[in-house]
Amino acid sequence: MGTINRQLILKSRPKGLIAPGDLQLVEAPLSELKDGQALAKVKYLSIDPTMRVWMVVDTYLPAVAIGDVMRAFGFAEIIESRHSDYKKGDRVTGLTGLQEYVIIDDSGKRSFQKVPKIPFVSDTVFLGVLGINGLTAFFGMEIAQPKKGETLVVSAAAGATGSIAGQIGKIQGCRVIGIAGSDEKCAWLTKDLGFDAAVNYKGSDWKQKLAEATPNGIDIDFENVGGEIMHAVLDRMNIFGRVVLCGLISGYTKADPSLASFGTVLVKRLRVQGFIIIDYVSRFMEAATQLGQWKMLGKLKDRETIVEGLEKAPDAINMLFTGGNIGKLIVKV
Ligand SMILES: NC(=O)c1ccc[n+]([C@@H]2O[C@H](COP(=O)([O-])OP(=O)(O)OC[C@H]3O[C@@H](n4cnc5c(N)ncnc54)[C@H](OP(=O)(O)O)[C@@H]3O)[C@@H](O)[C@H]2O)c1
């Protein structure tokens, strides 16, 4: 076939942020397609905090092996097919890896879902609001069981998942407070997304501001960050509150992430539930339909930060940990 595939290979396990050389760009010739295979061109890559975890430790998925193509979720288009389920032009999402082309087959290593072409809807929504982040926000808020008038606090609120979770909280009648890392992000949350208040945790008086924004305490913590932010939120929880443990990003680049304050969980009789979105695969269509309706009705707004070029993916992953993104972070291949 003669086509060259550019790929990012995991060369060494990062300590802290990803350093030059942890991921190495290589060129490999694509092998001839066999019966039962389809070749897809990767168009967009979803940049997710969990990728930094996959680079180092076994969790709900095994760590990426040294020398393997770095695992990543992406959007791709079938350009050639010898697989009965796919035809040229089909669009799919799934674990494409950080590379330009992916061969899809039934080996079980990769599972892909076809996505429709919807007029006036960009392909990238299938990685964000109608993809993993929207679905995570949706099921996380289902776990939260919000009641009208309750106070919901969302951390990493201006990110892909947090921004949708907070808006779902508004749809469900909560008072919603976001915690984010810049005044620009906080202004987006309150002025554009309808959050009731937003607190910049980089300000010296942010805990005071959080207290002012939650005069009746906090009923639901949609936790994306962990560490000091989570402790400050737990301190303000009302008894019988709910903590939806979605992510702990402040610990992902540390060798020894700090653990939750279980004393507060006990004394306040909190219900804490962690969850991983892959447990909900059988309900993805139901959730995506609801998210799509809210988006069409203008009840859900989304925003993207797009970085151009596969070779920029390592820098893009680091942006998640330095707060360089607003909304969904995507690499355009
Ligand atoms: N459970 C699941 O199945 C599931 C699925 C998807 C995502 N998640 C989790 O959801 C969380 C958000 O993921 P996402 O993909 O939507 O990313 P994101 O929120 O779009 O990006 C990450 C954001 O986290 C904030 N952040 C990074 N380090 C921080 C720190 N030390 N302290 C405070 N804030 C920090 C940054 O914003 P600031 O400028 O505000 O600092 C950054 O923009 C992550 O914890 C992720 O692991 C879980």
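Modeller: One definition to start: helices (H or I, at least four residues) and strands (E, at least two) are DSSP runs, numbered from the N terminus. Lys-328 lies in strand E15. This is a predicted model, where local features need pLDDT of at least 70 and side-chain atom pairs count only at pLDDT 80 or more, while totals for chains, interfaces and linings use all residues. Residues are numbered from 1 along each chain as its sequence is written, and side-chain values use heavy atoms, with hydrogens and water left out.

Colleague: Is Lys-328 buried or exposed?

Modeller: Lys-328 counts as buried because its relative accessibility is 5%. Buried means under 20% relative accessible area, exposed over 50%, and partly exposed in between (1.4 Å probe, protein chains only).

Colleague: Which side chain does Lys-328 make a polar contact with?

Modeller: That of Asn-133, at 2.9 Å. A polar contact is a pair of N or O atoms within 3.5 Å; within protein, one must be able to donate a hydrogen and the other to accept it, and residues adjacent in sequence count only if both atoms are side-chain atoms.

Colleague: What about the ligand? How many residues surround it?

Modeller: There are 28 residues around the ligand, and the closest are Thr-161, Lys-185, Tyr-201, Tyr-252 and Asn-325. A residue is near a molecule if one of its heavy atoms lies within 4 Å of it.

Colleague: Which backbone atoms does the ligand meet?

Modeller: A polar backbone atom of Ala-160 is 2.8 Å from an oxygen atom of the ligand. A backbone N or O atom of Asn-224 is also 2.8 Å from a ligand oxygen atom. For Cys-246, a polar backbone atom lies 3.0 Å from a nitrogen atom of the ligand.

Colleague: How much of the ligand does the protein bury?

Modeller: 91% of the 910 Å² that the ligand exposes when taken alone. Those areas come from the Shrake-Rupley method with a 1.4 Å probe.

Colleague: New topic. Which residues have the most contacts inside the largest nonpolar core?

Modeller: Phe-139, Leu-152, Ile-168, Leu-189 and Leu-291, in a core of 44 residues. A nonpolar core is a set of buried Ala, Val, Leu, Ile, Met, Phe, Trp, Tyr and Cys residues joined through side-chain atoms within 4.5 Å.

Colleague: Which helix gives the most to this core?

Modeller: H2, with seven residues.
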